[in-house]
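Take a walk through this structure, from the place where its chains meet to the packing inside them. Keep the sequence and the 3D view open as you read.

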Amino acid sequence: MDLKEKLVSSFIAFENQVDIDSYVHDIRTEAIKNFESIGFPTKKNESWKYTSLKQVLDTDYSIFPSKNTALVYSKIEKYLIDDIDSYKIIFVDGIYSSHLSETTHEGMDICLMSSVLNKPKYAPIIENYFNKALKKDGISDLNTAFSKEGAFIHIPKNKLVEKPIQIIHFNSGNESSLMLQPRNLIIVDENSQLQIIERHQNLNENEVLTNSVTEIFVNPKSIVDYYKIQNDNKQASIIDTTSIVQEHNSVCTLHTFSFGGKLTRNNLTFSQKGEHIESIMKGITIIEEKQHVDHNTLVHHIKPNCESHQDYKGIFDDSSTGVFNGTVVVEKEAQKTNAFQANNNVLLSDKASINTKPQLEIFADDVKCSHGCTIGQLDKNALFYLKSRGIPEKEAKALLMYGFANNVMQSVKIPELKNRITNIIAGKLGVNIGFNL
Amino acid sequence: MLSIKNLHAKVEDKNILNGINLEVKAGEVHAIMGPNGSGKSTLASIIAGKEEYEITNGDIDLNGESIEDLSAEERAHKGIFLSFQYPVEIPGVSVTNFIKTAINETRKAKGQEEMPAKEMLKLLKDKSNLLEIDRKFLSRSINDGFSGGEKKRNEIFQMAMLDPSVAILDETDSGLYIDALRIVANGVNKLKSSKNAVILITHYQRLLDYIVPDHVHVLYNGKIVKSGNKDLALELEAKGYDWIKEEVKN
C-alpha cells in the first residue's frame, strides 16, 4: 500500500477520534475526497517541477502516534528562544504537551486547535476563518482532512501582545517513522500586534515528514511578524504551507530561515484584500550535503495602493539544491501597486544548484514591479581584500556570507532571536565571529 | 626589513616581473614610479600574497624570513599591509566589525588575547580622528557607496589600526582631491616611524610633495631600471618617462 492509499484508508480510523457531526468535519470530508482525486503533487505539476516528493513518500510512516511521549524541559530547552519571556505552544509527536507550554485565555486566545474545535463559543470564528485562506491543492487538502491539532491564536482588536509566541513541534522518535500534520489558525483583529516564532524539530534519527498548514488572518491596521526556523536534522522533511490574508492598512512580515532538513518545501501565499497593505517576505537559506530547500511564494495584489517586498538569499554548498519560484499577480483593480522581488544566490560548490524563477502577472497599467535574481560565487577580490587584512580564509568566507545575508537579518525585530539565528549561521559556517550582526 | 631579490612573476603565461631587486630598511620611505603597465600594482599584489600570480624565480624576505610561500593572511600577521588601488566593496559588513575581526585574528595568530573592548574603542576613536573620519562612517558597510576619497581614507585608517611594519600604498593618491590627499598624507606621515617602512606606488610626483621619499625607483617592463633620491621624481615629473624608455633601449 502506498502512502496515499494508506492515508485515505486511515481516514475512517481518524473519524473515530473526532466529532464527525460538525462544521469542520464537513470540510475534512470534502478535503479527503479532493486529496483522493488529486493525490500528492508530482514533478509534472509546474510548481513542483524542481522538487520531487518521491524520496520522502517512499517511507511507511505512522499516521497516528501510538502513545503519548513526555519530554523533559532540559531536552528541548536549546530549541527554544529561552532568554525571552514568551507564550509557548508545544507539541510532541503531534500531541499537545501542557507541561512544556504556556498558553492563555485571558483577554485573548493563545491555545490549541483541539480545544476550540468542539466548543460552541468558538463556532462562529471557526466558521468564519477555518480553511478560508487556503487554495485547493492535494497537499493542503490532505492536511485539512486530518486537521485536529495545532495552534489556535485569536487576538482581539486594539491589543499589543507583548510576549512573542513560540509554536514548536517535536518529533520524539518513538515511532520508527512518523507523519505529522499540524494545523494552525491565527486571527489578529483590527489594530493589534503579534510576533510568532515557529519551529519543527526532530529529536533523533528516525524519519519524520511534516505536512504543516498555517492560516493567518491579519485584519485592518494590524501588524504581524512571523519567523520560521527550519533547522532540522537530515531525517526530517517538511512541506510547510502558510496562507496569509491581509485586510486594509495591515503589515505582515514573514522570515524563513532554512538551514537544514532533508527536504524543505515552503508554500507561502499572501492575499491582499484591502488598500494600503504591506506584505514582506524574507528568507535566508544555507544548506549543504544533499539538502533541498524550495521556496514557492505567491503574492496576490487585489486592491490598489499596496506593496510587497520579497528578499530571499541562498548559500548552497556540496550537492545541495535550491528552488525559488516567486509569483506576483497584480489584478486590474490593483493600481499603484509596488511589488519588489529579489533572489540572490551563492553557490559554493560545482555540484550545488539553484533553480530560480520569478513570475510576474500584471493586469494593471499603473504599477511599479521589479524582480531580479543572481547566482554567483564568492568574490575572489573581496576574499583577497579580507585576507590581506589578516583574516584567515575560512573566517573571510564566513564574513562575506554574513555580509551577503545581513540585510535580511536587519529586519528581525526580536534581538534574542537575531542573536540565535546569528549563532546558528556562525555554527553552520564553522566560525566564531566576535560580533553580532 | 623587506628584501626582494631577483623576483620573477607571471600571470597566465605572461611574464610581468622580470627580476626585481629591492631593499627596504626600517624607517625608510620608498617610492616606486613608472609608466602604465610597468608592473607596479602587480609587485604590490605579489608582496601582499595575491594567489593569481605565480612567482617563477626569486625571493621575498621580511625581517630575514622568506614569505613567498605564506598566505595573504599570514603575511598580514607578519606585518605586511597593502592599501588597495581599488578597495573592494563588501556590503553587509561594517568597517568597525571588519577591522575588529582583522585585529583580533592577527592577535590570535600571534597567540595573543583578543583586544579588550575598551582599548579597541579608544583605538578606533584615535585613529578615526587622525584620518578626520566621522564616527558614523565606521558603521557603514566597507567601501559600499564610499566616494573615491572615502575609500582611500578608509585604507589608511585600516593601516593605522593594524600598525603594519611594511605598508605598501598602491596609487593611494589617484582620484584624490587635494584636501583628501593632504589628510591621507598627513596620516601616513604620523604613522611613519623608525620601526616601519612605507612603499609608495604612484604615477605622479604630487603625493611625494607631501610624503617625502628617501629613495625613488623607476619600474619599467617588470624591472627596476633606475633608482635615485627624491630629485628623480621631480625629473620624471618634468621630463616624463620617454627618456627612461630610451635609456633602457640603449
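**From the interface to the sheet**

Start where the chains meet: 22 residues of chain A and 25 residues of chain B make up the contact. This is a predicted model. On the side of chain A that touches chain B, the elements giving two or more residues are α8 (380-387) and α9 (393-409) of chain A. Which of them gives the most? That is α9(A), with 9 residues. By residue class, the side of chain A that touches chain B has 11 nonpolar, 7 polar and 4 charged residues.

Now look at how these helices of chain A sit against each other. The axes of α8(A) and α9(A) come within 9 Å. They cross at roughly 125°. The crossing of α8(A) and α9(A) is right-handed.

Which residues meet there? From α8(A) come A:A382, A:L383, A:L386 and A:K387. Facing them in α9(A) are A:E393, A:A396, A:K397, A:L399 and A:L400. The contact of α8(A) with α9(A) holds 6 nonpolar residues and 3 charged ones, with no polar residue.

Move to chain B and its sheet. The sheet is open and has 6 strands, with mixed pairing. Read across, the order is β6-β9-β10-β3-β11-β12 (chain B). Which strands form the edges? They are β6 (80-83) and β12 (223-228) of chain B, each pairing on one side only. From one strand to the next, the twist averages 20°.

Strand β11 (residues 215-220) of chain B runs antiparallel to β12(B), and 5 bridges join them. One residue pair to pick out is B:Y220, whose bridge partner in β12(B) is B:K223.

Helix α1 (residues 40-48) of chain B touches β3 (29-33), β6, β9 (166-170), β10 (197-201) and β11 of chain B. The direction of α1 makes about 145° with that of β9(B). Helix α5 (residues 148-162) of chain B packs on the sheet too, touching β6 and β9 of chain B. What angle does α5 make with β6(B)? Their directions make about 165°.

Note on methods: Residues numbered from 1 in each chain as written. Chains lettered and ligands numbered in written order. Predicted model: local features only at pLDDT ≥ 70, side-chain atom pairs only at ≥ 80, totals over all residues. Contact = placed C-beta atoms within 7 Å. Helix = DSSP H or I, 4+ residues; strand = E, 2+ residues; numbered from the N terminus. Nonpolar A, V, L, I, M, F, W, Y, C, P; charged D, E, K, R; others polar. Pairing = 2+ DSSP bridges. Axes fitted to C-alpha atoms, helices over the stretch in contact; angles between N-to-C directions. Left-handed = near helix turned anticlockwise from the far one by under 90°.
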